[in-house]
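I kept a notebook while looking through this structure, and these are my entries. Please have the sequence and the 3D view open as you read along.

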Amino acid sequence: MQQTQKLSLVLGDYAHARDIPAPVTDAATYTVEEVEVRPVIGAYRRMIRDLEFDVCELAPVSYLMARQAGVPLTAVPVFLNRRFHHGDIQCGARSGIQVPRDLEGRRVGVRAYSVSTGVWARGVLTEEYGVDIDKITWVVDDDDHVEGRVPSNVERVTDGRSLGELLRAGEIDAAFTGNAGTGRAGAPRTGWSAAPEPGTTDGDTPYPLFPEADLLARDHYLRTGVYPLHSLIALRADLVDRDPSLPTALYAALTEAKQRRVAADPDWTQLPRFARQGAQIGGDPVPYGVAANEPSLAALVRYSRDQGLLDADFPDDPHTLFADGDYPDA
């Protein structure tokens, strides 16, 4: 007789991940119990360190590092959030930075060294612009979700000031914006609050490293096929051990939720950023599946290895990152 089982689920607030139907396998019908954690980043550490939830959105770099560390997690290739990163580095008003290689010898703020925004952007700086990221001091104000891989050129803020304050004071030369840097206050726990970006209070406005960020991002995508992914769906490995068909059913349920949302809102009016990104790449702004995302997955593994976050022998094959299952591109 088929059983009914509960799945605790933590996802960010995305229109295309609402009203997820019950995953159904030969062994069980799963009722989804959504757990709200805002910001969702506040759930990542709880999932990696304590396996607190059955299914949880995770930062992809943190997931790769957790797998390497032996954390009993696996995943399905659903990537709810995507974004380009050429526009995410802001330079201090008095820094004098003009081109990417001017970052060498400077101090650059990022929430944590392994934050996915930082990994993606450092990969682009290295491969596209020849920046030696080992010559940059990376100033962080939070811990990595998976510890123990921080290189020697990482410095921790110890006096409680935010990266935005340090950028305004000229004590760092550049910083990432938003949740990866200057746009938040405090550690990523529940209730983590947004902070005013530097320059909004005193007129001392930082400037972008790449003024034509959107054009550069589109050019990079058209040349490489890399469309940076910012989340995947992780689940406890013991659930898959008990029911190997769960990953396929979970993928199908998440795909159905997305397809219903796109049918109801094909222009992505509820998520205008995704509409813009869809225009940039000329297609689906949130493609699911392994095949549709192979260039991005391969780049993420390569960048993470090159930056010392993964061992040199971490496997290249993106299919090995996910639980066995049926994942048609969607």
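Predicted model: local features only at pLDDT ≥ 70, side-chain atom pairs only at ≥ 80, totals over all residues.

**Entry 1: helix α9**

I looked up what lies over the buried residues of α9, and the cover includes α2, α3 and α5. Contact here means heavy atoms within 4.5 Å. Buried stands for under 20% relative accessible area, exposed for over 50%, and partly exposed for what is in between, with a 1.4 Å probe and protein chains only. Helices (H or I, at least four residues) and strands (E, at least two) are DSSP runs, numbered from the N terminus.

Residues are numbered from 1 along each chain as its sequence is written, and side-chain values use heavy atoms, with hydrogens and water left out.

Back to α9: I noted its buried residues as Ser296, Leu297, Ala299, Leu300, Val301, Tyr303 and Ser304. I then checked the length of α9. Its 13 residues should span 18 Å at 1.5 Å a residue, and the end C-alpha atoms are 18 Å apart, which agrees. The expected span is 1.5 Å times one less than the number of residues. After α9 comes Gly308, with a positive phi near 80°.

**Entry 2: helix α5**

Which residues of α5 are buried? I found Ala213, Ala217, His220 and Tyr221. They sit on the same side of α5, because they cover an arc of only 100° around the axis; the arc is taken from the directions from the helix axis to the C-beta atoms. Leu215 and Leu222, on the other side of α5, are exposed.

Among the elements covering the buried residues of α5 I listed α3 (116-129), α8 (272-281) and α9 (294-306). Gly225 follows α5, and its phi is positive, near 75°.

**Entry 3: Ala121**

Next I picked Ala121, which is in helix α3. Is Ala121 buried or exposed? Its relative accessible area is 4%, so Ala121 is buried. Leaving out residues up to four places away in sequence, I saw that Ala121 touches His85, Ile89 and Phe176. Thr4 is 117 residues from Ala121 in sequence and 44 Å from it in space, C-alpha to C-alpha.

**Entry 4: the sheet**

I traced an open sheet of five strands with mixed pairing, in the order β2-β1-β3-β13-β4. Its edge strands, each pairing on one side only, are β2 (28-34) and β4 (73-76). From one strand to the next, the twist averages 35°. Two strands pair if DSSP finds at least two bridges between them.

β4 pairs with β13 (residues 232-236) in the antiparallel sense, over four bridges. Ala75 has Ala234 in β13 as its bridge partner.

I also noted two helices lying across strands. Helix α2 (residues 60-68) lies across β3 (55-58), β4 and β13, at about 140° to β4. Helix α7 (residues 246-264) lies across β1 (3-10), β2, β3, β4 and β13, at about 145° to β13. Axes are lines fitted to C-alpha atoms, for helices over the stretch in contact, and angles run from 0 to 180 degrees between N-to-C directions.

**Entry 5: cysteines**

Last, I looked for disulfides, meaning pairs of cysteine sulfur atoms within 2.5 Å. By this rule I counted zero. Cys56 is buried at a relative accessible area of 0%, and Cys91 is buried, with 0% as well.
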